[in-house]
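Hi everyone, thanks for making time. I'd like to walk you through one structure today, so please have a look at it first.

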Amino acid sequence: MISVLVVDAQPLQRLGFRMLLESTPDTEIVGEAGNGAEAVRRITELRPDVVLMDIRLPGVDGIEATRRAVAAGGRSRILVLTTFDGERYAFAALRAGASGFLLKDIGPEELLAGIRAVAAGDAVIAPALTRRLLDALADRLDDDLCEPVRKDPRLSFLTDREREVLVAIGQGLTNGEIAQRFTLSESTVKTHVGRVLAKIGARDRIQAVILAYNLRLTRPVQRPS
């Protein structure tokens, strides 16, 4: 059973989430919060598996609430839900420590899939934002593409294959795409990804992407628009 805390300023929105989660066999709602400060307190008290966090909250906004909750070192994973589709918001939320960023116009099954993925340790980003987010990450690097890879002691713990997998994660490839690139089974790739995350101390794939960019291991792969 996945325990969920719902954080949203709108009572009707919280009611909608409650109805969905209570009607789903593998999820349960353990609490609600209507503002960011209350959200941080309730995360500490209830220790939910997943927090559905809105960005637009009175007082402390959802991004700052996410930052505070993650800094406190809790086990809860935060899935940001918002009506804003700008990559600026997504980047800020993910840098704050969120494990996912989805738009509120998704369907119930997509939301439930996102909750399950985040609870399992994966990361999710709204498909429409993935390409733009990777581009935004690239834009934050210096213009000199020839600058060498930055040294980091965490990389020394990776095998050659695990380093290749980290680069592929940084390029935004799915497990299936990584399996195809290296002629591996998806189960083997999943094992490699788990080991990579553990060795570099990343909570999820999003943190691995950010690390790969910060260390200049990768740039975005070019995909058809």
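This is a predicted model: local features need pLDDT of at least 70, side-chain atom pairs count only at pLDDT 80 or more; totals for chains, interfaces and linings use all residues.

Residues are numbered from 1 along each chain as its sequence is written, and side-chain values use heavy atoms, with hydrogens and water left out.

Okay, the overview. We have 10 helices and 6 strands; these are DSSP runs, H or I of at least four residues for helices and E of at least two for strands, numbered from the N terminus. The protein has 225 residues, and 48% of them count as buried. Buried here is under 20% relative accessible area, exposed is over 50%, and partly exposed is in between, using a 1.4 Å probe and protein chains only. If you take contacts (heavy atoms within 4.5 Å) between residues at least 6 apart in sequence, 68% of them join residues at least 24 apart.

Now the helix pair. At what angle do α7 and α9 pack? Helix α7, residues 160-170, meets helix α9, residues 186-200, at about 90°, and their axes are 9 Å apart. The axes are lines fitted to C-alpha atoms, for helices over the stretch in contact, and angles run from 0 to 180 degrees between N-to-C directions. So α7 is roughly perpendicular to α9, a label that covers 65 to 115 degrees. On the α7 side, the contact uses Arg161, Glu162, Val165, Leu166 and Ile169, and on the α9 side His192, Val193, Arg195, Val196, Lys199 and Ile200. By class, that's 6 nonpolar, 1 polar and 4 charged residues. Nonpolar is Ala, Val, Leu, Ile, Met, Phe, Trp, Tyr, Cys and Pro; charged is Asp, Glu, Lys and Arg; the others, Gly among them, are polar.

Ile200 turns up again in the lining of the second largest pocket, along with others including Leu94, Arg154 and Asn214. A pocket, on a 1 Å grid over the protein atoms alone, is an open set of points where a 1.4 Å probe fits, with protein on both sides within 12 Å along at least five of seven lines; lining residues have an atom within 4 Å of a point. Which element gives the largest share of the lining? That's α10, with 4 residues. The lining divides into 6 nonpolar, 4 polar and 2 charged residues.

On to single residues. Ser3 sits in strand β1, residues 2-7, and is buried at 11% relative accessibility. Beyond its neighbours within four places in sequence, Ser3 is in contact with residues including Glu28, Val30 and Arg47.

Arg47 itself is in the loop between α2 and β3. Arg47 is partly exposed, at 48%, and has a positive phi of about 50° without being a glycine. Most residues other than glycine have a negative phi. Thr183 also has a positive phi, near 55°; Thr183 is in the loop between α8 and α9, and is exposed at 71%.

Last one: is Leu57 buried or exposed? Buried, at 8%, in the loop between β3 and α3. Leu57 and Val7 are 50 residues apart in sequence, yet 8.6 Å apart in space, C-alpha to C-alpha. Leu57 touches Val7, and also Asp8 and Gly34, among others.

How values were computed. Angles under 35 degrees count as roughly parallel, over 145 as roughly antiparallel, 65 to 115 as roughly perpendicular and the rest as oblique.
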